[in-house]
Every structure is written in structure tokens, then in C-alpha cells.
Amino acid sequence: MILKNIEKICLFSLLVLLSSSCTTIPSHPKAEKHDTALVMFGDTRIDPYYWLSYRDSQKVIDYILAENTYTYAVMESTLELQKRLVSEMRSRKRGDDITVPVYMNGYYYYIKYEEGKEYPINCRRKGSMNAPEEIILDENEVAAGHRYCQIASIDISPDNNYMAYGVDTIGRRYFTIYFKDLATGRLLEHKIENTTGEVAWTKDSRFVFYTFKDSLLRPSAVYRHDILQPYEDKLVFSEKDNTFRTHVFTTKSNDYIIISTSNGVSSECWYLNSKTPLGNFKLIASRKNGFEYSVDHSGKYFYFLTNYKAKNFRVLRAPTYNPNLKNWQEIIPADSSVLILTMEAFKNHLVTTERRDALTKVKVTNLQTLEQHYIDFGEDVYIALPSINPEYNTNLFYYFYTSLTTPGSTCEYNMTTRKIRLIKQNEVLGGFDPSNYESKRIWATASDGAKIPISMVYKKGIEFSKETPLLLYGYGAYGYSINTTFDPNLVSLLDRGVVYSIAHVRGGQEMGRHWYEQGKLLNKKNTFTDFIACAEKLIADGYTSSDMLIAHGSSAGGMLMGAVANMRPDLFKAIVAEVPFVDVLTTMLDSTKSLTTVEYNEWGNPNDSTFYYYIKSYSPYDQVKEQDYPNMLITAGYNDNQVQYYEPVKWAAKLREYNTGNSEILLWVNMGLGHSQSSGRYSQLNDEAFVYAYMLKQWGITD
């Protein structure tokens with residue numbers, strides 16, 4: 001009820017603001033200061049805005065709504081531009097569309113979209129695409145009456161008669177699992193709350209295993225659920241180490257249920273034959289610090305993608321009757337210049353994806369002969385990754401490839417004949433022609449000599465100069481690599497003369513596992529200095545100037561934005577930080593907060609003085625100081641339990657207090673969302689247009 005009232009108040013404030021057509025922008029809100037002393041290792045930090053973390057306090061809500069009202073007043077002049085941007089982006093999307101049908105266990109599954117509807121409709125046809133269509137889940141019906149709706153997963157039972165699916169209608173990433181009888185179309189009476197939203201079915205289609213999320217959002221336990229006796233769930237695994245996260249899944253072969261638990265640097269897996277759901281899970285290899293492995297299955301073997309004696313990972317296998325570590329045998333060796341990203345086991349083949357020098361390759365291994373070959377794409381592509389491949393007994397592999405200038409394509413590859421067939425290329429309407437755009441890669445040199453790749457895309461014929469508007473995006477955390485994929489929304493910027501660039505900074509894995517390790521824990525500052533080096537390179541080479549350079553990042557990339565704002569504010573015209581993780585030290589010291597303990601291996605545990613002082617030395621909120629800051633747009637989600645809303649709210653208040661220049665610090669808190677943007681495919685465009693309009697305004701582009 002509190003949330004509903006907040007949304008009504010927020011909507012009312014917005015309607016009043018927009019209907020007034022005000023020409024006078026009010027003064028920005030000024031947050032009250034109430035000093036709170038935070039003491040650790042004899043070090044005292046004074047936080048004057050700690051009170052803003054008191055969620056649902058009327059005083060806090062009033063302040064946030066005042067911030068939103070001010071932001072809308074500042075952005076009112078862009079309302080027509082936002083409408084045009086939404087219209088442009090929507091015109092490139094097909095209202096009616098269908099995904100590539102995926103064959104699984106006798107059915108073809110696909111998703112269709114209908115004109116004007118926000119959410120997908122999940123369908124299947126038995127045996128052939130000429131068979132009658134069966135709608136198994138219309139997500140528009142699930143989302144009805146909710147401002148936000150996310151379906152975590154749709155899992156079909158082996159007998160094809162039941163469907164389990166997870167739903168989150170708040171945005172806090174606690175999913176409720178529902179069960180549907182596909183023969184009758186009715187929902188079963190029971191449901192399971194506080195889960196990851198995914199299940200692993202057993203061979204008899206009677207039991208599912210699911211992962212429970214605790215009060216800290218940590219997937220911490222696995223339960224067995226009997227759909228015939230649904231109120232007596234059995235705990236089968238409990239992860240006691242609060243730095244580990246747990247996951248349960250069925251192998252593609254459907255022969256085994258796997259429990260995997262990991263803390264980012266160590267992992268441990270357990271297995272159970274899916275024909276014996278009441279049996280006990282067996283351990284494969286015990287956890288050991290720095291030892292990671294994942295498991296798949298085919299025939300007589302388990303296959304392991306592991307960093308065991310291999311920093312960039314390798315693939316080994318062991319017989320299912322005795323998969324202990326001592327029996328692991330290598331089939332794909334390690335290569336210091338190649339990072340193995342993924343592994344997928346079919347009945348006759350194993351497919352792995354690799355990354356070398358920020359580009360990807362796909363390798364196929366024949367599991368009988370162990371002969372290996374790469375898929376020949378016939379051209380250099382920036383990204384090639386597995387598509388959806390649920391069928392085990394097949395020689396067909398589906399992959400997705402794209403580039404910054406080429407819309408994504410789904411292709412079918414016959415692993416036996418090695419023939420490629422284009423199934424579908426994502427259609428971009430509105431006269432889009434990829435030949436009108438080009439991309440390139442340049443390299444910046446970091447302060448320690450490391451070469452940092454920068455990917456760029458722009459409209460052909462552009463003349464680079466100090467007046468060129470350039471957007472530089474960065475992330476750099478969790479080993480997540482920023483792929484150079486095509487984004488049809490980005491065309492609205494490119495067609496207005498904007499150059500879009502990605503800084504592939506350390507903390508990702510674009511250049512291998514070492515690229516990640518050099519951007520985490522006590523090496524975290526490399527992420528920030530890498531981004532600065534990229535910005536300096538773009539300016540020094542005449543692609544743009546600091547007066548026309550905007551930096552953009554979200555979540556952990558928002559931390560990056562906060563750090564570079566403190567370190568080199570002079571480099572940027574403006575900075576956009578969406579749901580930024582900026583109060584790093586305070587959050588990581590509070591083990592009662594969501595996900596804190598499972599993040600220790602990414603940032604470090606500040607209960608250790610070495611990590612405490614290192615994190616403090618870069619934590620954006622702690623390092624705000626008196627200086628001229630660039631213009632900034634900061635966003636937050638009130639329901640966000642990954643980056644709590646108050647981190648960006650506090651940060652914006654502190655930036656305003658310490659900013660010695662005339663720049664504008666804007667804060668927008670979406671009162672109905674969590675960490676992600678709007679869930680509907682059309683409503684997402686409004687979020688995108690708002691950010692784009694802000695950037696275009698900074699560049700002085702008004703049409």
C-alpha cells in the first residue's frame with residue numbers, strides 16, 4: 001500500500017508540473033544535513049546524508065519527489081524531443097514479430113509479439129510449424145495491473161504436460177514460481193515464493209528442484225518440490241558460506257540435476273541422476289580457493305570447463321560413474337592468449353566459445369573422435385555467441401552474430417556437414433541501411449602501459465573535430481565483457497552526428513582472464529585509470545574534445561562514472577550514471593544488506609583494514625571533494641535491492657554540496673522500478689529517450 005501511494009503522489013506531482021507548462025525552473029532541492037559518524041579501524045567518516053536511507057520515511061519520500069519535480073522542470077524543454085526519439089525508436093521495431101522457432105522434445109517453441117502489446121506471447125507447435133499453435137503463456141496477461149513484470153524462466157516438464165515459470169512484479173528480483181497444466185490451461189493451486197524463478201525437472205515430470213533466495217537476496221538453498229504433494233518441500237542443499245551463491249539446473253541431456261555453488265573465485269558442484277529424484281546429491285570436486293569449474297553431461301562423461309591449472313580455462317572430462325578430480329582428462333588444452341567463455345554439450349559434439357583480443361570464436365569438438373574445428377563465418381564479425389540450443393540429440397547448433405553496424409542474425413550450423421544457414425536477421429524498419437555506418441577499433445595506452453581497446457561506431461562521412469559529440473560507455477566489473485552488438489535505438493544518436501564508443505577497460509574479460517583480475521580487488525583503480533586513458537586518447541587524436549565528450553555507465557559502471565568524476569572531472573562535458581553503485585565502503589561494511597557478502601571477492605572485504613582503506617580511496621561517495629564537477633544525470637530505482645536507491649540519492653546531494661562550478665546535477669528516482677529499466681518493450685523506449693534527450697541537450701542538439 002505504501003508503494004501504491006508513492007506512485008500516486010509521484011504521478012500527481014508530474015501531472016501538475018507538466019500541465020503548468022512552467023517557464024521558470026525552481027531552485028534545486030537542498031537536502032538537510034544530519035551528521036552520522038561511521039567508525040572503523042579508528043577511522044571516522046561523517047555522513048551528513050545517511051538519513052536518506054530511511055526507506056518509506058515521509059521526509060525521505062518528499063525529498064525524492066522534490067528532486068524528481070526539479071529534474072522534470074529542467075528537462076521540460078526536451079519533452080518534444082523525447083517524443084520524437086520514442087517515435088523514431090518505435091518506428092524501427094516491428095509491431096508484429098516472431099522469434100526463431102526452437103525445437104525441444106517434440107515441440108517447436110517460439111515467442112511472438114503483437115502490435116501495441118508490451119510483452120511477449122510464448123507459443124509452441126507439436127512436431128511441425130504447420131501444426132496448430134498453442135499459447136502457453138501470454139505475458140501481457142501476467143503483467144496486467146502491474147507497473148513492472150519480469151518472467152525469469154519458462155521450464156517445460158519432460159512429458160510436455162506442465163510448465164513452471166517465475167514472476168517478479170516489483171523489480172526486487174524475488175521470483176514466485178507458478179505451475180500450469182498445459183493440457184487444461186489451468187494454473188495449479190500451489191506456488192513457491194522467494195526463488196530465482198527457475199526449476200530443474202526430474203525425468204518423471206513429478207518433481208522439480210528450485211533455489212530459494214534468503215532475506216539478503218542470496219540464492220542460498222535448494223529444495224525439492226513434489227507437484228502431487230506440493231506443501232512438503234524437502235531441503236536438499238544449504239549453502240552455509242554467505243559469500244557463495246547457489247544454482248540448480250538440468251543438463252541438456254536431461255539425465256542429471258546439477259547443483260552449482262560459487263563465490264566468483266571458487267566453485268563446487270553436486271550431481272543427481274534425474275531418474276532418482278529421491279536420492280542424495282553426490283559431490284564432484286570439493287571447493288578450494290581459486291578453483292572454478294562448471295559441469296555439463298553427454299553420454300558416459302561429465303565435461304568440465306575449469307581454471308584448474310589453467311588461468312584462461314580448459315575443458316576436461318571424467319566418467320559419470322566416478323567423476324572425481326583425479327579422473328579428469330583434458331580434451332581442450334589451455335591457451336594463454338585465449339579465454340574459453342562457455343561450454344555446451346550435445347550428444348555427439350561439444351561447443352565452446354573463446355575470446356581472443358576482444359573478439360570471439362566458436363569451436364566444435366566431435367565427442368567420438370575429439371576432432372576440433374572453428375566455425376567459419378566467412379567474414380570478420382565482432383561478436384558470435386551461442387543462441388538457444390535446448391535439444392540434446394541433434395547435429396544442429398544455433399548461434400547469434402552481430403556487430404556495431406550489423407543487426408543481429410541467427411544462423412543454423414550443421415556440426416557434421418559444417419554448412420551454415422541464415423535463419424533470421426533482425427529487421428530494422430524505417431529505411432535503416434547498415435552501409436551508412438562504419439565502425440573501427442583504436443587502442444589507448446594506460447598509465448601502466450596496458451593497451452586498452454576502444455570500439456567506435458559512427459555515420460559515414462563524419463568529420464572528426466573538437467566539435468564532434470562523442471559518447472564513451474564503460475563498465476569494467478565481474479568479468480563481464482561489453483560486447484559490440486547492434487542497438488537499433490542507438491541509430492537515433494548516430495544519425496544526429498554522435499560517435500558512440502566503448503572503453504573495454506580492465507575488470508571485464510575482453511582480453512582474457514587476466515584482464516578481469518587486473519580490474520578487481522586491490523587492482524580496482526585500473527578500471528578507472530583505463531577509462532580516463534581512453535577519454536584522453538579520443539581527445540588527443542582529435543575525435544572530440546572535453547567540451548563534447550559525455551561518459552555513460554550503469555550499476556558497477558556507475559561506480560566507474562563516480563570515480564572518474566572525482567579523478568578527472570575536466571575531461572567530460574557531462575556524465576550519465578544510471579543506478580550507480582557509489583557508496584561502496586558503507587554498503588560493503590553492512591553484511592545485512594542484499595548481496596554484500598557475495599561481493600567480497602569482487603571488491604574485497606572491508607572488515608580487513610587493507611581493503612577498507614583501499615575501497616575508501618576510490619569509493620565515489622567518500623571521495624567527493626570541492627572542485628568543478630561536470631553536468632551530471634543520476635538515476636535510481638526506489639525498489640532496487642542491488643544498488644539501493646539511497647546511494648545515488650545521497651551522492652547527488654553531496655555532489656551539489658561540494659561542486660564549486662556552475663554545472664547541473666540532476667537526480668531522477670523511478671518510484672516503481674528496481675535495478676532494471678521498465679519491463680515493457682515500448683515503455684523501455686521512454687526510459688531510453690529520456691537519457692538520450694539529456695545527452696543531446698548537453699551537446700546542443702535540439703532536433
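Modeller: Helix α12 is mostly covered, with 11 of its 13 residues buried. This is a predicted model, in which local features need pLDDT of at least 70, side-chain atom pairs count only at pLDDT 80 or more, and totals for chains, interfaces and linings use all residues. Residues are numbered from 1 along each chain as its sequence is written, and side-chain values use heavy atoms, with hydrogens and water left out.

Biologist: What makes a residue of α12 buried, and which residues are they?

Modeller: Buried means under 20% relative accessible area, as against over 50% for exposed and partly exposed in between, with a 1.4 Å probe and protein chains only. In α12 the buried residues include Tyr-646, Trp-651 and Leu-655, and also Glu-647, Lys-650, Lys-654 and Arg-656.

Biologist: How do you know what span to expect for α12 (residues 646-658)?

Modeller: Helices (H or I, at least four residues) and strands (E, at least two) are DSSP runs, numbered from the N terminus, and the expected span of a helix is 1.5 Å times one less than its number of residues. With 13 residues, α12 reaches 18 Å from its first C-alpha to its last, close to the 18 Å expected.

Biologist: Why is α8 called largely enclosed?

Modeller: Because 11 of the 12 residues of α8 are buried, the rest of the structure largely encloses this helix; among those buried are Met-559, Leu-560 and Met-561.

Biologist: What do α8 and α12 lie across?

Modeller: Helix α8 lies across β33, β35, β36 and β37, at about 140° to β35, whereas α12 lies across β36, β37 and β38, at about 165° to β38. Axes are lines fitted to C-alpha atoms, for helices over the stretch in contact, and angles run from 0 to 180 degrees between N-to-C directions.

Biologist: What makes β31 and β38 edge strands?

Modeller: Two strands pair if DSSP finds at least two bridges between them. The open sheet runs β31-β32-β34-β33-β35-β36-β37-β38, with mixed pairing, and β31 (437-445) and β38 (665-670) are its edges, since each pairs on one side only.

Biologist: How many bridges join β36 and β37, and in which sense?

Modeller: They pair in the parallel sense over five bridges, and Glu-578 stands opposite Thr-635 in β37.

Notes. Contact means heavy atoms within 4.5 Å.
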